[in-house]
Amino acid sequence: MKMPKLLGTCAIALSLMAMPALAKTPDDQLIVGISMTNLLSLDPAGATGNDVVEINANLYDGLVELDPVDTSKILPGLAESWTIAPDGKSISFKIRSGVKFHTGNPLTAEDAAWSLHRVLKLNLALASPWKSYGFTAQNVEQNIRATDPTTLVITLPEPTDPRMVIYTLGTSVSGNVLDRKKVMEHEKDGDLGRVWLTTNAAGSGPFVLNEWRAKDVLMMTRFDGYWRGQAKMRRVIMRNMTESQTLRLMIERGDIDIATGMSVPDIEAMKKNPNAVVQAVKRGNIYYVAMSVKDSKFADKRVRQAIRSLIDYDGINTTVMPNYGILHQRPVQMGLPATLPNPGYKLDVAGAKKLLAEAGQPNGFKTTIRVLSDPPFINIATNLQSTLAQAGIQAEVLPGTGNQVYGAMRDRNFEIIVGRGGGGAEPHPHSSLRALVYNPDNRDEAKLTNFQGWRTSFISPEINALIEKAEVEKDAKKQIEMYQEIQKLYDSQVGAIIPVSQMVDTVVMGKDIRGYVGHPAATTRLREVTKQR
Amino acid sequence: MSALSLSLSGGGMRHVAGWSHRLGTVAVTLLGLLTLTFFIGRVMPLDPVLSIVGSDADQSTYQQVYLQLGLDRPLYVQFGYYLRDLLHGDLGMALLTGNPVTTDIARVFPATIELATVAIILGTFAGVPLGVFAATHRGRLGDQIVRVLSLFGYSVPIFWFGMMGLIIFYAWLGWAGGAGRVDLAYDGLVQSRSGILLIDAAMAGEWDVFRSVIKHITLPACILGLHSMAYISRMTRSFMLAQLSQEYIITARVKGLSERQVIWGHAFRNILVQLLTIVALAYGGLLEGAVLIETVFAWPGFGSYLTSSLMLGDMNAVMGCVLLVGLIFVTLNLLADALYQVFDPRTR
């Protein structure tokens, strides 16, 4: 498969210079080429992956939205306004009147409450952040209530920064409001419409789902009764295209308007194409090198420090990561007020050898690197393999699928992993720290598999306590200081997850596309997208 | 008279016994195939639960889905339930799509049938005459050209053909449609009856859609057809050469029959049975999944469905697909056997 791909790329590179755009998509339809490989369910309670987040952001509405340019800015959605109680223990939302679902049913605070109850009761993938705030299937009805048709009150069961909850409502599709009546018409065996919502939608968003044929095509038509006013495009069609070169040919020919998931060589080529626009969208996820502290070698802080010195940050970020990520060395996503500047780690083989000698490993050791077989993961891993070898560490690269790599990580059955993670959808340091650093119970049987900190077995009671304290700190300045202190501590204690780069997603579109603003949380709204011809 | 009846009855009995034996073999083959696939699927390091819940799900969510999928039961019990459901025509639900596997296969398989059928027709109609031509011009320029062409078609990666085809015929010349089965503007315009768009569009009288389908299918079908043509022409040449050296061919020529009669009336007729087998196998191979071509052309067919399901550890879908592939090959073999009996009296 690799050789033919290489041949194909060379052939394109040699022969596709100055290809004219010969066809055009219809003026009022947006044609998008995406990979639907990981598009498994449209259910807002169980949907995982960025593609489904973008689709649902256009089929449903949430209570609030985050500004795609400045994600710390919370914009009204179905909630006209919201108030955080002075004690920070509850949030009250004023729901907009007169909003209708695609069915014509009126949207009320009851629907909003029911939608969140459903997430907790079904306990699917997207229940996770809500459970971390202390909500359970048992307490959710008591804590999330519609006090009247236009008022929704969320009471926080545990001390939490209420901004985090609002950010989750703005970024996670679990905050989408569902048409309760419509969903319950399709309930089977008490599944709260789970099976039906896998391939159907019941929202109030700017587009109505016409058809989704898995791994083929998804079609949406604009909703004429949309409360914000009609979307500019009459129809949005997303076609499954997994082959980057096909995407490139189709966008060059003008047969699709927007392409996602293109390979770096094709993106680089498109940057030179005057008929295309390339947009980089920064995500909150972080590419990292993770070690298992359960492994006796990496339990030694000096060995972890040596590994940290054996990563060629500059080399990786200049040769492997363009269009995939930007150099970043902190466990908190970049761009937040609390994020410290990079500590400036560099490849330092001599320093690493010294540390290994001090740790009783003067001749290095053998280890394994588990990694996804796709770029840029595999490229980072091979780069790491070569720099580890310079200090005598013989690392065997074990490529696999995401399922295999992260499955092993969840089982705490690995030595080194090159991976990506860190939450980061919510523009709040807690989002990244909860995912990457926090580990409140290091026992195997605790099975805190959603915490990557637990997966590495790295535990620092001091850092855990600070994370918990910072989350509920009401003084914004003090909170920032605490988060900065956590980053310094993580640095000095040499945490088991070493950030290398912050994720960037690249979208390629025709030059006539206007109004497409990729959202860092993947909730890219297409209602304002137009074509200027 | 009574002796004749006895003889007929004996022949009929043998016939019935032969077919019973064949069907028994088919059943055992399919059961073996399912058993092997099931157990290999379960020991593969792929976790279907993680595919559903995502790698960041917490343990309670993971455990809930694990139980829902029945993965806590012993393997033999899971297999027993699978076979029980299978006997009721239920292949289970696909994780990939949330649909019953039968519904998914009914959707993706016609797309592959359509592509594979057009490809095999092109491959056979080009491959057989070329093979005969090469055999009858053995060692001459025509033979060399056909052999090089066959070697080229067979050895160059089909993926490369796909990309080059798209560049030349789609991007440069604009003759071919791009990715997909039909222009997106026409997608969904025709009601799906057979699932084969050419037929559905013709039945609906939607000739614009029909033309668009032709434009989209021609290039991938030609590329797949070229691959099949290479195989069929090589085999035809080889079969023909074997026949042309037989004594009955010399006898036919000595009798003064025309070259056309010798080649097509005698030699070719005798290779028909073998040809049927290889065409059937080539067709089976295409139906099984032209994964690379389906990927390049974003063709929503069986091959890409099977591959994606496998990568996600979606074993219900994989088992359903394997069962279908097994059935295809078994059916094609049975068909070839039946046709043997039509064309070759010795096998009756």
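Predicted model: local features only at pLDDT ≥ 70, side-chain atom pairs only at ≥ 80, totals over all residues.
Local features need pLDDT of at least 70 and side-chain atom pairs count only at pLDDT 80 or more, while totals for chains, interfaces and linings use all residues. Residues are numbered from 1 along each chain as its sequence is written, and chains are lettered from A and ligands numbered from 1 in the order in which they are written.

**View 1. Chain A against chain B.** The interface pairs 55 residues of chain A with 49 residues of chain B. Contact means that the C-beta atoms of two residues, placed from the backbone, lie within 7 Å. On the chain A side, the elements giving two or more residues include helix H1 (2–15), helix H4 (128–132), helix H8 (194–199) and helix H16 (402–410). Strand S8 (207–213), strand S9 (217–222), strand S10 (235–240) and helix H9 (244–253) of chain A are also among them. Helices (H or I, at least four residues) and strands (E, at least two) are DSSP runs, numbered from the N terminus. This side of chain A has 22 nonpolar, 21 polar and 12 charged residues. Ala, Val, Leu, Ile, Met, Phe, Trp, Tyr, Cys and Pro count as nonpolar, Asp, Glu, Lys and Arg as charged, and the others, Gly among them, as polar.

**View 2. Domains 1 and 2 of chain A.** Chain A is assigned domain 1 (2–33 + 214–278), domain 2 (40–200 + 506–531) and domain 3 (282–504). Domain bounds come from an automatic or database domain assignment. The centres of domain 1 and domain 2 of chain A, taken over C-alpha atoms, are 29 Å apart. Here 25 residues of domain 1 of chain A contact 22 residues of domain 2 of chain A. On the domain 1 side, S9, strand S11 (258–260), helix H10 (264–271) and strand S12 (276–291) of chain A each supply at least two residues. That side divides into 17 nonpolar, 4 polar and 4 charged residues.

**View 3. Helices H9 and H10 of chain A.** The axes of H9(A) and H10(A) come within 9 Å and cross at roughly 20 degrees. Axes are lines fitted to C-alpha atoms, for helices over the stretch in contact, and angles run from 0 to 180 degrees between N-to-C directions. H9(A) and H10(A) are therefore roughly parallel to each other. Angles under 35 degrees count as roughly parallel, over 145 as roughly antiparallel, 65 to 115 as roughly perpendicular and the rest as oblique. The crossing of H9(A) and H10(A) is right-handed. A crossing is left-handed if the near helix is turned anticlockwise from the far one by less than a right angle, and right-handed if clockwise. Ser244(A), Gln245(A) and Arg248(A) of H9(A) meet Asp266(A), Ala269(A) and Met270(A) of H10(A). The contact has 2 nonpolar, 2 polar and 2 charged residues.

**View 4. An open sheet in chain A.** In chain A, 4 strands in the order S4-S5-S7-S6 form an open sheet with antiparallel pairing. Two strands pair if DSSP finds at least two bridges between them. Strand S4 (79–84) and strand S6 (144–148) of chain A stand at the edges with a single partner strand each, so one side of each lacks a neighbour in the sheet. From one strand to the next, the twist averages 20 degrees. S4(A) pairs with strand S5 (residues 90–95) of chain A over 5 bridges, in the antiparallel sense. Ile84(A) has Ile91(A) of S5(A) as its bridge partner. Helix H3 (residues 109–122) of chain A packs on the sheet, touching S5, S6 and strand S7 (151–155) of chain A. The direction of H3 makes about 170 degrees with that of S6(A). Helix H6 (residues 162–171) of chain A lies across S4, S5 and S7 of chain A, at about 40 degrees to S5(A).

**View 5. Domains of chain B.** Chain B has 14 helices and 0 strands. Its C-alpha atoms fill a box of roughly 85 × 70 × 40 Å, taken along the principal axes. The assignment gives domain 1 (2–87) and domain 2 (101–347) of chain B. Contact between them involves 15 residues of domain 1 of chain B and 11 residues of domain 2 of chain B. Helix H1 (2–43) and helix H2 (48–53) of chain B each supply at least two residues of the domain 1 side. H1(B) gives the largest share, 9 residues.

**View 6. Helices H6 and H9 of chain B.** Helix H6 (residues 141–155) and helix H9 (residues 207–244) of chain B pack at about 135 degrees, with axes 8 Å apart. That angle makes H6(B) oblique to H9(B). H6(B) passes H9(B) in a left-handed crossing. Contact residues include Val146(B) and Tyr154(B) of H6(B), and Leu226(B) and Arg234(B) of H9(B).
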